[in-house]
Amino acid sequence: MFANKNQNTNSQATKKIDRFILHYYNKQGDNGENMTSPAINNGLTLIATPIGNLRDVTFRAIDALMQADQILCEDTRVSRKLLNHYNINTKLTSYHEYNATSLRPKIIRALQQGEKIALISDAGTPNISDPGYKLVESCLANDIEVSTIPGPTAVVAALSISGLPTDNFYFGGFLPSKTTARKKTFASLRTLDTTLIFYESPARLVACLYDSLEYFAGRTAVIARELTKLHEDVRRAEISELYNFYKGITRVRGEIVFLISPPQKEASYLSHDQIKKLLKERFADETLKDAVRNLAREHDISRSLVYKLALEMKDV
C-alpha cells in the first residue's frame, strides 16, 4: 500500500514539475529572432529523444515536435508514449527499414510543398543505426534543408561513464546476428588502436562475449544496460569475467551497449642498465617520484621495478 501511494505521489509530482517547466518555458516570449528560438526549421529536422528517461528531452525538442506538420518515427507505439507525456498531438507516421523505400518519395514531395517534418527514432539521436540517412541523402539531393536538434545518444552516454579511453573511438553499430559474420567483424577490428563500441541484443549477449574472447582476450570491456532507466546497470571487467557472469543469468533484458578497451601497448624490453640510464637523464629535471611514474608509464614497465632501480641509484 505504502509503495503504491509513494509511486502515485512521485508520478504526480513529476507531472507537476514537467507542466511547470513547460509553462515557464512557453512564457519566455521568444519571438524567433534570436539564437535561442525554439521554432522548428523549414525542411527536415532530426530530433533526439530520450534513451530511457522521458525527462531527458530538451525544451527545443518538445517545441519542435509540437510545431511539426508530421513526425516520422520507427514505431508509433513507442513514440506515442513520449508525445502523450508532453501532450503533443502532432501526426505520427511510421518510417522504418521495411517501408522507407516506398515512403521516401512521398516525404520528399511533402517537404517540397512546404511541410515541416520531424524525424525521430525509438530512442536517442535519429540516423544512428537506423534508416534515416537515406532520407537525409534524398533531402540534400533535392536541395531541402536538413537541420538537427541534438540530445541523448546511447553511444556517447555509455562511453562517458565506461572508464575507457574517450579521446577517440570506433562505433560499429549493431553487431551481426550470425556467429561467422560477428567473428569476421571482430577479426577486422582486432588491431584497431581505439575504444570499440557496439550495440547488441540481450538475446545474443552471451554468444557475443564468447566470440569476442577469441580476439580480445585479456581486454577490459563494459556492458552498459538500460541506461537512464530504473534498472540501469553498468559492468566493467575483463571480457572473460563478463562472459562468466552473463552466461549464468537465465535471461538478460534491456538495451545494451558493448564497449571494448584498446589493445595494450607492447611492453618495452629494457635492461636494468637501460632503465637506470633513462632515470639518470630524468633526474636532472624531475623528482624521483615523477621520474619513476613517467618512465614506467611511457615504457609500460613495472613501476615497482623502476622505483627499486631508482633507489639503488640514489644509494650509490
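Two strands are said to pair if DSSP finds at least two bridges between them. Helices (H or I, at least four residues) and strands (E, at least two) are DSSP runs, numbered from the N terminus.

## Basis of the description

This is a predicted model, in which local features need pLDDT of at least 70 and side-chain atom pairs count only at pLDDT 80 or more, while totals for chains, interfaces and linings use all residues. Residues are numbered from 1 along each chain as its sequence is written, and side-chain values use heavy atoms, with hydrogens and water left out.

Contact means heavy atoms within 4.5 Å.

Strand E8 (residues 220-225) is mostly covered, with five of its six residues buried. Buried means under 20% relative accessible area, exposed means over 50%, and partly exposed lies in between (1.4 Å probe, protein chains only). E8 is joined to strand E9 (residues 233-238) by six bridges, and the two run antiparallel; Thr220 stands opposite Glu238 in E9. Five bridges join E8 to strand E10 (residues 256-260), again in an antiparallel arrangement, and Arg225 has Ile256 of E10 as its bridge partner.

## The parallel sheet

A further open sheet of five strands has the order E3-E2-E4-E1-E5, and its pairing is parallel. The edges are held by strand E3 (92-94) and strand E5 (146-149); each has a single partner strand, so one side of each is left without a neighbour in the sheet. The twist averages 30° from one strand to the next. Strand E2 (residues 70-73) and strand E4 (residues 117-119) run parallel and are joined by three bridges, and the bridge partner of Leu72 in E4 is Leu119.

Two helices that pack on this sheet can be described next. Helix H3 (residues 76-85) touches E2 and E3, and its direction makes about 155° with that of E3. Helix H4 (residues 100-112) touches strand E1 (44-47), E2, E3 and E4, and its direction makes about 135° with that of E4.

## Ile108 and the cysteines

Ile108 lies in helix H4 and is buried, with a relative accessible area of 8%. Leaving aside residues up to four places away in sequence, Ile108 touches Leu135, Ser138, Cys139, Asn142 and Ile144. Ile108 and Gly43 are 65 residues apart in sequence, and their C-alpha atoms are 9.3 Å apart in space.

Cys139, one of the residues that Ile108 touches, counts as buried at 0% relative accessibility. Cys208 is buried, with a relative accessible area of 0%. The structure holds zero disulfides, a disulfide being a pair of cysteine sulfur atoms within 2.5 Å.

## Helix H10

Helix H10 (residues 272-283) has twelve residues and reaches 16 Å from its first C-alpha to its last, close to the 16 Å expected at 1.5 Å a residue. The expected span is 1.5 Å times one less than the number of residues.

The buried residues of H10 are Ile275, Leu279 and Arg282. Seen down the axis of H10, these buried residues fall within an arc of 60°, so they line one face of the helix; the arc is that of the directions from the helix axis to the C-beta atoms. An α-helix has 3.6 residues a turn, so residues three or four places apart point the same way. Asp273, Lys277 and Lys280 are exposed residues on the face of H10 turned away from its buried side.

## Positive phi in two loops

Asp143 is not a glycine, yet it has a positive phi of about 55°. Asp143 is placed in the loop between helix H5 (132-141) and E5 and is exposed, with a relative accessible area of 75%.

Thr228, a residue other than glycine, has a positive phi near 70°. Thr228 is placed in the loop between E8 and E9 and counts as partly exposed at 26% relative accessibility.

Note on methods:
Axes are lines fitted to C-alpha atoms, for helices over the stretch in contact, and angles run from 0 to 180 degrees between N-to-C directions.
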